[in-house]
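The following exercises concern the reading of a protein model at the level of residues and side-chain contacts. Please examine the sequence and the structure before working through the solutions.

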Amino acid sequence: MAPAILLTFIIGYFLVLLVISHFTSKNASSNDAFFVANRNSKWYLVAFGMIGTALSGVTFISVPGKVGAASGDQFAYFQFVLGNAVGFIIIATVLLPLYYRMKLTSIYSYIESALGIWSYKTAAGIFLLSRTIGSSFRLYLVVIVLQKFIFDSYNIPFAVTVLISLLLIWSYTFKGGLKTIIITDSLQTFFLVSSVFLSIFFICRSLNYNLFEAVEAIKNSSYSKIFFLTDFVGSKFHLTKQFLGGVFITIGMTGLDQDLMQKNLSLKNIKEAQKNMFSFTAVFVVINIFFLSVGALLYIYAAKYGITVEKTDYLYPTIALKYLGIIPGMVFMLGLTAATFATTDSALTALTTSFCVDFLNFNKKADVNSKKNIAARHWVHIAFSGLMFLTIIIFNAINNDAVVGAIFKVASYTYGPLLGLYSFGLFVSSRQVKDKLVPFICLVSPAICFFLSTESKELLGGYVFDNELIIVNGLITFLGLWLTSSRKAVSPSAQLAEV
């Protein structure tokens with residue numbers, strides 16, 4: 001497909017987002033609107049929009065690509081998705097009631113009341129670090145695709161492509177924040193979901209399959225195995241590892257992540273928030289089935305026409321943009337753009353909110369919506385956009401997929417300590433942590449887990465860790481908090497109450 005067509009299409013796409021931003025942020029540029037959309041969002045819009053946030057551009061490209069990977073993934077990812085579903089249910093029934101009961105804007109404020117100020121700043125700092133690296137990594141992978149298929153043709157440098165992408169995101173989020181994102185993410189999710197279904201349609205048409213023939217072809221292919229029940233020790237695909245990893249990664253990276261929880265906190269009450277989570281869970285599971293199906297059909301198509309790619313992540317964009325025609329190519333680019341920017345715009349808003357509340361103490365100020373505080377929020381928003389830009393440029397300068405992947409993996413390890421911190425606060429109310437030691441505990445735990453991930457075969461008789469490592473991470477943090485804590489002194493009033 002001609003780069004000019006793709007570029008025109010993307011420009012038109014962002015013009016639509018800017019128009020939406022103009023109307024949604026009109027007379028709604030306050031910090032309350034930016035942080036929690038005045039707690040007046042519609043649950044069905046939040047539920048639908050969260051799909052786009054949860055499914056990044058990495059998911060859009062990588063999940064279909066891994067179906068036919070040499071490592072033998074097939075549909076193993078669906079075991080992880082089933083664990084995700086259980087994790088979402090736990091979030092809806094355990095964490096959301098806590099957040100609503102405390103009327104939180106930043107979910108890390110809970111840690112201050114449960115464990116102390118150092119623990120609180122550590123939890124918020126973990127989020128800022130992890131989400132900045134994680135979101136930059138996701139945007140980096142997609143910008144590479146835009147660079148290869150569009151901007152290289154115009155000799156535009158990679159740094160300029162990144163800058164343009166971030167400026168576009170900043171332009172429609174800086175004023176309305178979450179109030180705008182609730183609407184734009186719903187639109188982008190619609191584009192994302194439509195692109196998945198349309199991709200299946202176009203691939204089936206090229207293969208001369210009807211719907212039933214496509215299902216049968218996927219079923220009879222070498223890509224459709226879902227449940228892996230052998231070699232628990234040596235296989236990272238084993239059902240137990242994938243399922244438990246899915247449960248706890250969801251709790252850590254969704255339930256303890258300001259980004260996705262901020263949308264839930266914009267709803268009127270806990271009932272609407274839970275309704276949102278349950279609806280989102282059902283759609284999330286179904287859409288991932290279709291992502292995996294796209295992957296199987298892409299590999300069947302590639303085998304039929306003798307198409308090879310150097311990396312599995314290039315399979316989907318290569319076939320969509322070079323072989324299926326103009327309309328399918330535009331559909332793919334629409335889905336990729338929607339998935340990527342729905343994730344990044346939401347992350348920028350959450351990072352800005354967390355820093356303003358957790359480090360600038362907006363929630364403790366008398367007039368959170370003063371001109372001074374709104375101006376401060378604007379500067380924080382710009383600063384995080386700049387930080388993402390620098391992070392992506394560094395990723396590109398490294399120019400080594402293994403190293404960049406390792407950085408992203410290390411960042412993901414930091415959600416384990418959040419599991420430990422929240423678990424201790426929720427279940428061990430009788431002990432008081434040594435608050436100033438908490439930052440060190442939260443540094444040691446991911447370091448130990450990174451060591452385990454690389455040396456477990458040698459140390460544990462051939463055992464290979466996968467997503468379930470987050471459980472170990474949380475347990476190490478929890479144990480560290482326990483060993484350095486002491487029993488809380490019982491106040492005289494509490495003693496009288498017991499008598």
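This is a predicted model: local features need pLDDT of at least 70, side-chain atom pairs count only at pLDDT 80 or more; totals for chains, interfaces and linings use all residues.

Residues are numbered from 1 along each chain as its sequence is written, and side-chain values use heavy atoms, with hydrogens and water left out.

**Exercise 1. Describe the overall fold and dimensions of the protein.**

Step 1. The protein has 21 helices and 2 strands; helices (H or I, at least four residues) and strands (E, at least two) are DSSP runs, numbered from the N terminus.

Step 2. The radius of gyration is 23 Å, close to the 23 Å that the globule rule gives for 499 residues, so the protein is as compact as a globular protein of that length. This radius is taken over C-alpha atoms, and the globule rule is 2.2 Å times the number of residues to the power 0.38.

Step 3. The C-alpha trace spans about 80 × 60 × 45 Å along its principal axes.

Step 4. Buried residues account for 54% of the 499 residues. Buried means under 20% relative accessible area, exposed over 50%, and partly exposed in between (1.4 Å probe, protein chains only).

**Exercise 2. Which residues do salt bridges join into one network with Arg131?**

Step 1. A salt bridge requires a side-chain nitrogen of Lys or Arg within 4 Å of a carboxyl oxygen of Asp or Glu. By this rule the count comes to 2 salt bridges.

Step 2. Asp257 pairs with Arg131, the closest N and O atoms being 3.1 Å apart. The pair links distant parts of the chain, 126 residues apart: Asp257 is in the loop between helix 11 (239–255) and helix 12 (258–264), and Arg131 is in helix 7 (residues 117–149).

Step 3. Asp259 also forms a salt bridge with Arg131, with the closest N and O atoms 3.7 Å apart. Asp259 lies in helix 12 and Arg131 in helix 7, so this pair ties together parts that are 128 residues apart in sequence.

Step 4. Through shared partners, Arg131, Asp257 and Asp259 form one network. Relative accessible area is 9% for Arg131, 0% for Asp257 and 1% for Asp259, so each of these residues is buried.

**Exercise 3. How are the rings of Tyr110 and Tyr422 arranged?**

Step 1. Rings of Phe, Tyr and Trp (its six-membered ring) pair if their centres lie within 6.5 Å; planes under 30 degrees apart count as stacked, over 60 as edge-to-face and the rest as tilted. The whole structure holds 25 aromatic pairs.

Step 2. The ring centres of Tyr110 and Tyr422 are 5.6 Å apart and the planes are at 25 degrees, so the pair is stacked.

Step 3. Tyr110 belongs to helix 6 (residues 109–114) and Tyr422 to helix 18, so the pair ties together parts that are 312 residues apart in sequence.

Step 4. Tyr110 is buried at a relative accessible area of 7%, and Tyr422 is buried at 1%.

**Exercise 4. Which charged ends sit over the ring of Tyr314?**

Step 1. A charge sits over a ring if NZ of Lys or CZ of Arg is within 6 Å of the ring centre and within 35 degrees of the ring normal.

Step 2. The charged end of Lys148 sits over the Tyr314 ring, 4.2 Å from its centre. The charged end of Lys311 also sits over the ring of Tyr314, 5.3 Å from its centre.
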